[in-house]
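Work through the exercises below with the sequence and the coordinates at hand. Each task is followed by a solution in steps.

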Amino acid sequence: MRIEPAEPAFDGDGTPFSRAYGDVYHSADSGPGQARHVFLGGNDLPARWARARLFTIFETGFGLGLNFLATWHAWLADPARPERLHFFSIEKHPFGRDSLKTLHERYAEFAPLARQLQDAWPPLVSGLHRLHFEDGRVTLTLALADVVDLAPRLQFQADAIYLDGFAPQRNAEMWSPQLMKRLARLARPGTTVATYSASGAVREALESAGFGIEKRPGFGRKRDMLRGTFAPRWSPRRAARAAAACAERHAIVIGASLAGAAVCERLAARGWRIDLIERRPAPAAQARPLYAGVFHPHVSRDDCILSRVARCGFLYAPPRWRALERAGQRLAWSRCGVLQLAGTPGDEQRMAGAVSLAGYPPDYAQYLARDEAETHSGCRLPAGGWWFPGGGWMRPASLVAAQLAAAGGRAGPMFTTHFGAAVNAISRAGDSWQAVSADGSVIAAAPVLVLANSGDMTRLAPVAQPLANVRGQVSYLPAGAVAAPRVVLSGNGYLLPAFEGIVVTGSTYDFGSDDPEPRTEGHAANLARLSRMLAEAAALPDPAGLDGAVGFRCMAPDHMPLVGAVPDVAAAREQQVGLSGAQLPDLPRRPGLYCASGYGSRGLVWAALAGELLASLIEGEPPPLEADLADALDPGRFTLRQARRAKL
Ligand SMILES: Cc1cc2nc3c(=O)[nH]c(=O)nc-3n(C[C@H](O)[C@H](O)[C@H](O)COP(=O)(O)OP(=O)(O)OC[C@H]3O[C@@H](n4cnc5c(N)ncnc54)[C@H](O)[C@@H]3O)c2cc1C
Ligand SMILES: C[S@@+](CC[C@H](N)C(=O)[O-])C[C@H]1O[C@@H](n2cnc3c(N)ncnc32)[C@H](O)[C@@H]1O
């Protein structure tokens, strides 16, 4: 969806006003006052959240974020605040960061919080944006979307609902009985709802969706408002995916590379005890650590599922990496920008068309003609292409080390590492998973086990689909050997700026090979790719003398990662007849067993988001992806497909 940002305007009283909808953003009497009276008060907050582990609020219409800021403010002031506050809000017409800054100046009481919100404000592209505050104890998931489109694709349970669209007569789609029914799927018995509106139609829509509604005195000059509690006279059909039912927050993570380290960091941030097991003597990103890898978004004309998930992963990761740096960890990376070059003149047109069709803001993606691309990169180029200013390169080993140090820093003695320990099998003993070595000894046992061991994962837990392991080789050129660009060049390969005297270029896709050592023909292929990316490649070095690294990309046939609960393939096979019309939530799962694997060539884009997705699924928090996208990553997708066709 193309995002049309809102423009700041004011009515005669000086209250923020929308020209598009002909309505004000909040009561003329006070925005913060209305937030406290109607939305917090109407949901009996802060009393209802006292001492909860997690309290989830869902809002329609983020607007200026005043309800969010007032809620966060109240959370800070409350000694009985919940451990974690999750605020999920949908906005179709977000303000840009500068407009938000100007508007927030009117609410001095929120200034320090508003500044943090502005600093974390994402580029205005559609999808879910997860922003963490207060060291992760306050999370905002900002969904830039039309609530009517998005509501059917949400799957979590809220404790309180703020309904804050513009007035029903000016913004009818936000209050329709159909939408209220959809939103009621996010409620469980006892979930409360509040709105400034006292309209009879809104009351009826909420009542018919299962809420018991009462009128309360409104805020300021408004006589009434509505508040209610979800108490349906029927049993709700399907609950959102539940948290892992386990007595203790203790997980085994197998694999200490990009996937496993991100999972450890996210679980440790939620107070988990972790046993990390790695067969190599130390954490690493590949057998011979990849010196540096590239991260950038994926763009397609039809904004396919890969583009949507990659957008979310690409935007989620760098703020997490910066948070690691703020916490004192050292990362080797640069957000120098990535230029994805067109391969042919036809490609140039196609690429320009895709970006303009999507209406991306320039801080996310632009098309640059060849001369502009040359100015950005400092190189003579054969073509223009997509410019991703927020993309760049990262040394994976530095990220893995930083995430593990952060996890260790948080969890302290609750974080145990087992390096040089290969897991030969996993088994369930009572309510625990055991990771067992080849000599039969138990390396660790815990109620939850996360398989983050890439290509070895399906040996330990089949998912009814073998994963490919595609060999890849990168080449390291001495910095003087090539006129390195100022930005990352990508296309049919990539070329990085020089870093510590090395220019990384790559990479090969060698299907069917398992040679762990770099080969001269691989270097030659990388140099050939490099020469196609530069209009004037000087004499290139002899491939025989080059250094490089080899790794294996673990890939599913649909090129999407596998992140979530592991299916119980044996049980699905037995129940096959009954699964012909089944959906993913119907699939039998192995209790407490999860995976984060199949990252293919995009480990840097997937890892942080996948870690957060997995931790959210395990904890029963709102996932950072819409349900259709989380389903596209679900490790049960292959089992389901085959069970539905009776082919398991
Ligand atoms: C040549 C090449 C270039 C690449 N370039 C990029 C790039 O530019 N950008 C990008 O984003 N990605 C890139 N990638 C992909 C990226 O490296 C992967 O996506 C990423 O490494 C996947 O991380 P992972 O943790 O899932 O798996 P891995 O990095 O493979 O790590 C799995 C870990 O599990 C451990 N393990 C496995 N089995 C067991 C067991 N039984 N017991 C204990 N430990 C076990 C392994 O030792 C390993 O440490 C590239 C890959 C290659 C090969
Ligand atoms: C009254 S304002 C919300 C004020 C906000 N809650 C706050 O605290 O500042 C209503 C918001 O709903 C948004 N909106 C209108 N139609 C929408 C839709 N279909 N989907 C999502 N948001 C919508 C508007 O852009 C506007 O920002």
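The exercises concern a predicted model and cover a ligand site, aromatic pairs, backbone geometry and a strand pair.

**Exercise 1. The surroundings of ligand 2**

Task: Determine how many residues surround ligand 2 and which are the closest.

Solution. Step 1: collect the residues with a heavy atom within 4 Å of the ligand. For ligand 2 this gives 23 residues, and the closest are Gly-61, Asn-67, Glu-91, Asp-164 and Glu-173.

Step 1: sort the shell by residue class. It divides into 10 nonpolar, 7 polar and 6 charged residues.

Step 2: assign secondary structure. Helix H2 (66-77) and strand S4 (84-91) each supply at least two residues of the shell.

Step 3: look for polar contacts with the backbone. A polar backbone atom of Gly-61 is 2.6 Å from a nitrogen atom of ligand 2. Val-147 places a backbone N or O atom 3.0 Å from a nitrogen atom of the ligand, while for Gly-65 a backbone N or O atom lies 3.2 Å from a ligand oxygen atom.

Step 4: compute the cover. Ligand 2 taken alone exposes 600 Å², and the protein buries 98% of that.

**Exercise 2. Aromatic pairs**

Task: Find the number of aromatic pairs in the whole structure, then classify the pairs Tyr-21 with Phe-166 and Trp-386 with Phe-388.

Solution. Step 1: the search over the whole structure finds 28 aromatic pairs.

Step 1: take Tyr-21 and Phe-166. Their ring centres are 5.0 Å apart and the planes meet at 35 degrees, so this pair is tilted.

Step 2: locate both partners. Tyr-21 is in the loop between strands S1 (17-18) and S2 (23-24), and Phe-166 is in the loop between strand S7 (158-163) and helix H6 (177-184), so the pair ties together parts that are 145 residues apart in sequence. Phe-166 counts as buried because its relative accessibility is 13%, with the cut-off for buried at under 20%.

Step 3: With centres 6.3 Å apart and planes at 50 degrees, the pair is tilted. Trp-386 is buried at 4% relative accessible area, and Phe-388 is buried at 0%.

Step 4: follow the ring pairs into a cluster. One cluster links Phe-39, Phe-62, Phe-68, Trp-72, Phe-87, Trp-121, Phe-133 and Tyr-162.

**Exercise 3. Backbone geometry**

Solution. Pro-46 sits in the loop between helix H1 (31-42) and strand S3 (54-60).

Step 1: Ser-507 belongs to the loop between strand S27 (502-506) and helix H14 (520-533).

Step 2: Ala-464 is in the loop between H13 and S24.

**Exercise 4. A strand pair**

Step 1: Gln-473 is opposite Val-550 in S28.

Key
Residues are numbered from 1 along each chain as its sequence is written. Chains are lettered from A and ligands numbered from 1 in the order in which they are written. This is a predicted model: local features need pLDDT of at least 70, side-chain atom pairs count only at pLDDT 80 or more; totals for chains, interfaces and linings use all residues. Side-chain values use heavy atoms; hydrogens and water are left out. Two strands pair if DSSP finds at least two bridges between them. Helices (H or I, at least four residues) and strands (E, at least two) are DSSP runs, numbered from the N terminus. A polar contact is a pair of N or O atoms within 3.5 Å; within protein, one must be able to donate a hydrogen and the other to accept it, and residues adjacent in sequence count only if both atoms are side-chain atoms. Accessible areas come from the Shrake-Rupley method with a 1.4 Å probe; for residues, only the protein chains shown count as cover. Ala, Val, Leu, Ile, Met, Phe, Trp, Tyr, Cys and Pro count as nonpolar, Asp, Glu, Lys and Arg as charged, and the others, Gly among them, as polar. Rings of Phe, Tyr and Trp (its six-membered ring) pair if their centres lie within 6.5 Å; planes under 30 degrees apart count as stacked, over 60 as edge-to-face and the rest as tilted. Buried means under 20% relative accessible area, exposed over 50%, partly exposed in between (1.4 Å probe, protein chains only).
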